[in-house]
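Thanks for coming. I will go through one model this morning, starting with a record and ending with a few single residues.

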Amino acid sequence: MDSAEYERKIAARFATFDQDGNGYIDREDFSAAAKAVLAEFGTTARSDRGQAVFAGAEAFWQGMAGIADVDGDQRVTREEFITGAAKRLRDNPQRFAEIARPFLHGVIAVADEDGLGTTPQAAARVLRVLGTPPELADDVAQALDADADGRITEDEILTAFAAYCGVEAPDA
């Protein structure tokens, strides 16, 4: 991969987290993501599932800030993301996915509308509200169902998230 493609992929990862598009990642971006998921599935913030999503979003933010917020201002700039988070994404994407686990676990519980596991259709809804272009959300959600059983497990989602985050540097 050349450095232009690497920059494009890292910029896409940054934009995924910068939910409001203000040029930095902060706690509010994670809170906005939690609110969007809950609204999509009609889940109240005060419910057990709603609380799990918000607690997971906070844990995810804390993990992100811990690895990338170099100056301690409670915001991760694009530069901090590239030098901090992107390096860790590249070096250990599975560990980074583990930081996301509490949030993903909460989202999966909300999206599991029948108690049998999250369907690709529900996953597509989540992806759309988190900013995945609608024309890609269905295909991505179908790909998440690695064993093609019609349900997406937490492990399948974590594996896919780690793969998405594991961008190889151009000199790797």
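A word on the annotation before I quote it: UniProt positions are given in the numbering used here, feature names are shortened, and annotations may be inferred rather than shown by experiment. With that said, the unreviewed UniProt entry carries the annotation "domain: EF-hand" over residues 5-40 and 132-167.

This is a predicted model, in which local features need pLDDT of at least 70 and side-chain atom pairs count only at pLDDT 80 or more, while totals for chains, interfaces and linings use all residues. Residues are numbered from 1 along each chain as its sequence is written, and side-chain values use heavy atoms, with hydrogens and water left out.

Now the overall fold. The protein has 8 helices and 2 strands; these are DSSP runs numbered from the N terminus, with helices being H or I of at least four residues and strands being E of at least two. Along the sequence the pattern reads α-β-α-α-β-α-α-α-α-α. The radius of gyration is 16 Å, close to the 16 Å that the globule rule gives for 172 residues, so the protein is as compact as a globular protein of that length. Here the radius is taken over C-alpha atoms, and the rule is 2.2 Å times the number of residues to the power 0.38. The C-alpha trace spans about 45 × 35 × 25 Å along its principal axes.

Back to the annotated stretch at residues 5-40: the chain there is 75% helix and 8% strand, and its end C-alpha atoms are 33 Å apart.

Of the 172 residues, 42% are buried, where buried means under 20% relative accessible area, exposed over 50%, and partly exposed in between, with a 1.4 Å probe and protein chains only. Among contacts with a separation of 6 or more, 64% are between residues 24 or more positions apart; a contact means heavy atoms within 4.5 Å.

Which residues of helix H6 are buried? In H6, residues 120-129, they are Pro 120, Ala 122, Ala 123, Ala 124, Val 126 and Leu 127. Just after H6, Gly 131 takes a positive phi of about 110 degrees.

Ala 111 is buried, at 3% relative accessible area. Leaving aside neighbours within four places in sequence, Ala 111 is in contact with Phe 41, Thr 118, Ala 122 and Val 126. Ala 111 and Ala 124 are 13 residues apart in sequence, with 9.9 Å between their C-alpha atoms.

Now the loops. Gln 74 is not a glycine, yet has a positive phi of about 65 degrees. Gln 74 sits in the loop between helix H3 (48-68) and strand S2 (75-77), and at 37% relative accessibility counts as partly exposed. Ala 148, also a residue other than glycine, has a positive phi near 55 degrees. Ala 148 is in the loop between helix H7 (134-144) and helix H8 (154-165), and counts as exposed at 65% relative accessibility.

Last, is Asp 155 buried or exposed? Asp 155, in helix H8, is exposed, with a relative accessible area of 52%. Asp 155 and Arg 101 are 54 residues apart in sequence and 9.5 Å apart in space, C-alpha to C-alpha.

That is the tour; I will take questions.
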